[in-house]
Amino acid sequence: MFTKKVLAIILALMLLTPVAALAAGEDPSTGLSNTIQTTGVIGSQTGGLPEVRGTWNAPDDSDPTHLESGIQVAIVPAGERNVTNYMVVTDPNGRADINDVFVDVYHPDGSFKLQSHGEKVTSDTEIAAALAEAVATGELTAAESAALADEIGNLQTAYMYKTVFPMNSCQYHGIYKVEARAVDKVGGMSLVTPISTCTFEWVMTKVLARDFSSVDYGAITLGSEKVVPGNFVMESGQNSATPTIHNQGNVDLAITLNFSPMVRSEAPVKTITHFDAKLHVPNADGSITGIGESIDPITAGTPVTFTTPLIPCHPSKLNFSVHADTQPSGTYSGSVLLTAF
Ligand SMILES: [Ca+2]
Ligand SMILES: [Ca+2]
Ligand SMILES: [Ca+2]
C-alpha cells in the first residue's frame with residue numbers, strides 16, 4: 001500500500017512537472033535532475049588511520065614560572081597574538097603516509113572558533129626545544145617527552161607538526177579546547193581522543209583605555225545643562241574633546257563614575273554638585289544601535305555604576321553633563337573618578 005502511495009505521488013509529480021525530452025545530439029550531462037552514483041567502502045581504512053600520539057599548546061607566558069597547571073596565554077590588549085599547537089603524529093602505513101594536519105579550536109562555551117592547518121617541524125633543534133618546553137610547562141612528563149622524541153628520532157615512525165593560530169583580545173577569556181587531527185594520503189583521519197585534545201587558558205585581563213584626561217564644559221549657562229558629548233572614536237593620546245572609553249581586555253567591565261563638586265576659584269566659595277552622564281556601548285559586532293544609558297541626576301560624592309557592561313573590543317561613547325542653577329559667575333573646577341571593575 002505504501003509503495004502504491006509513493007508511486008501515486010511520483011506519477012502526480014511527473015504530470016505536474018513539464019519535462020522537455022532530450023533532443024537528438026543534446027548533451028546528456030546537462031539537465032535539472034541528475035542521479036549521480038556514489039560508492040565507498042566502510043572498513044577499508046582499518047588499521048590505517050594516522051594517530052596523534054601527543055599534543056600540547058604554547059606558550060605558557062602568562063605563567064612564566066609554570067606554577068599553575070595548564071597553559072596560560074597572555075593577551076595583547078586591543079591586539080592579536082599567536083598561539084602554537086604542537087602535535088606528534090604516527091601512521092601504521094609509515095609516517096610518510098601523513099598528508100595533512102589541522103587543529104579545531106573551540107571557545108570556552110564549546111562553540112567552534114576556527115580550524116587551522118599545520119606544518120611539519122623538520123629542525124631537530126626545534127623539535128627538542130618544543131619537547132623540552134612541554135616538559136617545563138607540565139604538558140608532558142619527561143617520560144612522555146622521551147617516548148615522543150624516540151618515535152620521531154630513533155624509530156622514525158612519527159613526525160612533529162606545529163600549527164599557529166591567532167587569538168584576539170576581543171575574544172573572551174576562559175579555557176579554549178584544541179583538537180589535533182591528522183589526515184593520511186587516502187583521506188583517513190585520526191580519531192579525537194583525550195591524547196589528541198589539549199587546552200589553553202586565555203587569561204582574564206582587564207584593561208580600560210580612554211582618549212581624554214580632562215572634561216572642559218566651557219561656558220555654562222545657569223538653568224540649562226551643558227553637555228560634553230563623547231564619540232565612538234579612540235583618538236591617540238589623551239587630549240580628545242570627545243570622550244571615548246575602550247575595553248581593551250577580554251572580559252566585560254562595569255563602569256563607575258564619582259564626581260567631586262566643582263568649586264568656584266573666586267571668593268566666596270561656591271560649588272556645583274549636579275551632573276549626569278551617558279554611556280553608549282556598541283553591539284558585539286561593532287554596530288551601533290539605541291541611544292545608550294543615561295544616569296541623571298548624579299550628585300557629587302555619590303558614585304554611580306552603569307548597568308550596561310562595557311564589552312571588549314569596540315570603543316564606547318561617554319557623555320558628561322553639568323547643571324548649574326543658582327551659582328554666581330566664576331571659574332569652577334573639580335574632578336570625576338572613572339573606575340572599571
Ligand atoms: Ca594511513
Ligand atoms: Ca602554566
Ligand atoms: Ca573620542
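The structure is a predicted model. Its protein chain comprises three helices and 21 strands. Of the 341 residues in the chain, 26% are buried. Among contacts with a separation of 6 or more, 76% join residues 24 or more positions apart.

**Helix α3**

- Helix α3 spans residues 142-153, and its 12 residues reach 16 Å from the first C-alpha to the last, close to the 16 Å expected at 1.5 Å a residue.
- Ser-145, Leu-148, Glu-151 and Ile-152 are the buried residues of α3.
- Because these buried residues fall within an arc of 125 degrees when seen down the axis of α3, they line one face of the helix.
- An α-helix has 3.6 residues a turn, so residues three or four places apart point the same way.
- The exposed residues Ala-142, Ala-143 and Gly-153 lie on the face of α3 turned away from its buried side.
- The packing partners of the buried α3 residues are β1 (51-58), β3 (80-90), α2 (124-137) and β7 (158-168).

**Nonpolar cores**

- The largest nonpolar core has 35 residues, of which Met-87, Val-88, Val-89, Ile-152, Tyr-159 and Met-160 touch the most other members.
- At least two residues of this core come from each of β1, β3, β4 (98-106), α2, α3, β7, β8 (174-184) and β9 (197-202).
- Strand β7 supplies the largest share of this core, six residues.
- Leaving aside residues up to four places away in sequence, Met-87 touches Val-52, Gly-54, Thr-55, Val-101, Tyr-161 and Ala-180.
- A second, separate core has 18 residues, including Met-262, Ile-272, Ile-298 and Leu-310.

Methods:
Residues numbered from 1 in each chain as written. Chains lettered and ligands numbered in written order. Predicted model: local features only at pLDDT ≥ 70, side-chain atom pairs only at ≥ 80, totals over all residues. Helix = DSSP H or I, 4+ residues; strand = E, 2+ residues; numbered from the N terminus. Expected span 1.5 Å × (residues − 1). Buried ≥ 20, exposed ≤ 12 C-beta atoms within 10 Å, placed from the backbone. Arc of directions from axis to C-beta. Contact = placed C-beta atoms within 7 Å. Core = buried A, V, L, I, M, F, W, Y, C linked by C-beta atoms within 7 Å.
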